[in-house]
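Me: I would like to learn how to read salt bridges and strand pairing in a model. Please take me through an example.

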Amino acid sequence: MQFGIFSVGDVTTDPTTGRTPTEHERIKAMVAIALKAEEVGLDVFATGEHHNPPFVPSSPTTMLGYVAARTEKLILSTSTTLITTNDPVKIAEDFAMLQHLAEGRVDVMMGRGNTGPVYPWFGKDIRQGIPLAVENYALLHQLWREENVDWQGRFRTPLQSFTSTPRPLDGTPPFVWHGSIRSPEIAEQAAYYGDGFFANNIFWPKEHFQKLINLYRERYAHYGHGTPEQAVVGLGGQVFMRKNSQDAVREFRPYFDNAPVYGHGPSLEEFTEQTPLTVGSPQEVIEKTLAFRETFGDYQRQLFLMDHAGLPLKTVLEQLDLLGEEVVPVLRAEFAKNRPAGVPDGPTHAARVAAARAEEVAAK
């Protein structure tokens, strides 16, 4: 079981002070948060990809490459790589390069994106979002596995005997997650390739994501990759903690009430009751997160969103201390209990290289 954090990289005014960080400050804060994640013993740091204000992470591989040089163990991932508006050839090149620089500590999460204007900025049509995701990933999958690629599709110029460079480290491409909030087609795509499926699991009730995950598990088995229980699932989550639950609610309320993503709607109490958002003590976070297994089955990766809504860096780092010291050690132990032997661990480069070599030996 892997634990980590993911960031959307929003630049949001702190409602308690009225101060808005600069883009420079927000970028440097994301780096500080990633370094803190490794310091407190987390496994993963993931960044989104956005090309519009008020977000800053327009170049995830640049940021992750910088973080890679300053960390030793942390798995570096995206929480969205726009498979629809990015050229698959450039994705193949950028992430293979990052994989070499990070000694394999790289994942990538494919997503369609939820900002409509981005599509025409990159010469694409949002009405073709699903076909773009399907075709572009098919090409990316091939580029990482074949040295001479011939390709012809609907959305880009043909390729003839094209070789993407550098080749994936150890002949093993980065592990791919397909992230989705609402699209069964993406769950189907993840299942077809035997890749991981990441359910955002933030803004909507658990029953919504349960349907997507169950579909993915069933189709994963249908395509012959293993049993439904062996499918590779990741979940998002949101938490804000203080030692005392009442202190957490009082401190977080103004951030919740004014956040662009959910402010001015349901109350904090309504939102925490109906969605995975947890605002309270470390024990409350532990209890709610452990309940995810009851809904979704055993899974491989849990990422928390913690640096949003204008929270100052100092507060986020305090949150990470609580997460690393009081929450994650308990979650690791509890999730390990009664975990069936056939359920896979979270993906790592070393384990995937070993598995590929074992398959080669078995085939001889």
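Reply: Glu326 and Lys243 form a salt bridge, with their closest N and O atoms 2.0 Å apart. This is a predicted model, in which local features need pLDDT of at least 70, side-chain atom pairs count only at pLDDT 80 or more, and totals for chains, interfaces and linings use all residues. Residues are numbered from 1 along each chain as its sequence is written, and side-chain values use heavy atoms, leaving out hydrogens and water.

Me: What is a salt bridge?

Reply: Side chains of opposite charge can pair when their charged atoms come close. Here the term means a side-chain nitrogen of Lys or Arg within 4 Å of a carboxyl oxygen of Asp or Glu. The search of the whole structure finds 20 salt bridges.

Me: Which side chain meets Arg26 in a salt bridge, and are Asp307 and Arg26 buried or exposed?

Reply: Asp307 meets Arg26 at 3.0 Å, N to O. Asp307 lies in the loop between β13 (301-304) and α11 (313-336) and Arg26 in helix α1 (residues 23-39), so the pair ties together parts 281 residues apart in sequence. Helices (H or I, at least four residues) and strands (E, at least two) are DSSP runs, numbered from the N terminus. Buried means under 20% relative accessible area, exposed over 50%, partly exposed in between (1.4 Å probe, protein chains only). Asp307 is buried at 6%, and Arg26 is buried at 7%.

Me: How many bridges join strand β2 to β3?

Reply: Two strands pair if DSSP finds at least two bridges between them. Four bridges join β2 (residues 44-47) to β3, and the strands run parallel.
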